[in-house]
Amino acid sequence: MLDRPRLRRCFEVVPVRGDVVLLLGEQRQVFLEGAVHARLAPLLDGRRTLAELATCLGPDVTFPQLVGALRQLEEQDCLVEGGESVPGAHEAYLEALPGSP
């Protein structure tokens, strides 16, 4: 599990409807369904720890739901560790490459 999870910079978070979010990238798109994903996706900027994410989401999202949503995003290779900074366009390009960390 990542300490400060961040969506890959190659993705733009696009709300589709209430509980559906699209992670829109140049090379791939990922649909996320459910209120947990819809509320979580905009928070994945790499600045928050797991505990801070849980606090931001509040009591409506249980800790197991949060961990499950993050695992699903990790399995789909949508997350990286936050905190490190490379210029935006350069980082987005590198993160979009297959097999990039």
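A residue counts as buried when its relative accessible area is under 20%. By that cut-off, strand 3 (residues 20-24) of this predicted model is mostly covered, with four of its five residues buried.

Strand 3 has a partner on either end of its sequence. Strand 2 (residues 12-17) runs antiparallel to strand 3, and five bridges join the two. Within this pairing, valine 13 stands opposite leucine 23.

## A phenylalanine on strand 4

Let's look at one residue of strand 4, phenylalanine 31. Is phenylalanine 31 buried or exposed? Its relative accessibility is 55%, so phenylalanine 31 counts as exposed, the cut-off for that class being over 50%.

Phenylalanine 31 still has contacts: leaving aside residues up to four places away in sequence, it touches Val16, Val20, Val21 and Leu22. As for proline 15, which lies 16 residues from phenylalanine 31 along the chain, the C-alpha atoms of the two are separated by 9.9 Å.

## The two sides of helix 2

Now for a helix. In helix 2 (residues 50-57), the buried residues are Leu50, Leu53 and Leu57. Why do they share a side of helix 2? They lie on the same side because they cover an arc of only 60 degrees around the axis. The general rule behind such a pattern is that an α-helix has 3.6 residues a turn, so residues three or four places apart point the same way.

The covering of these buried residues includes strand 1 (5-7), helix 1 (35-40) and helix 3 (63-75). On the other side of helix 2, Ala51 and Thr55 are exposed. Just after the helix comes glycine 58, which takes a positive phi of about 80 degrees.

## Salt bridges

How many salt bridges does the structure hold? There are four. One of them pairs glutamate 52 with arginine 4, where the closest N and O atoms are 3.6 Å apart. This pair links distant parts of the chain, since glutamate 52 sits in helix 2 and arginine 4 in the segment before strand 1, 48 residues apart. Both ends are in the intermediate class: glutamate 52 is partly exposed at 36% relative accessibility, and arginine 4 is partly exposed with a relative accessible area of 32%.

Another salt bridge joins aspartate 77 to arginine 8, and its closest N and O atoms are 2.9 Å apart. This one also links distant parts of the chain: aspartate 77 is in the loop between helix 3 and strand 5 (79-81), arginine 8 is in the loop between strand 1 and strand 2, and they are 69 residues apart. With a relative accessible area of 2%, arginine 8 is buried, whereas aspartate 77, at 34%, is partly exposed.

Finally, Asp45, Arg47 and Arg48 are linked in a network of salt bridges. In the bridge between aspartate 45 and arginine 48, the closest N and O atoms are 3.0 Å apart. Aspartate 45 has a relative accessibility of 25% and therefore counts as partly exposed.

Note on methods:
Residues numbered from 1 in each chain as written. Predicted model: local features only at pLDDT ≥ 70, side-chain atom pairs only at ≥ 80, totals over all residues. Heavy atoms only, no water. Buried < 20%, exposed > 50% of the residue type's maximum accessible area, 1.4 Å probe, protein only. Arc of directions from axis to C-beta. Contact = heavy atoms within 4.5 Å. Pairing = 2+ DSSP bridges. Salt bridge = Lys/Arg side-chain N within 4 Å of Asp/Glu carboxyl O.
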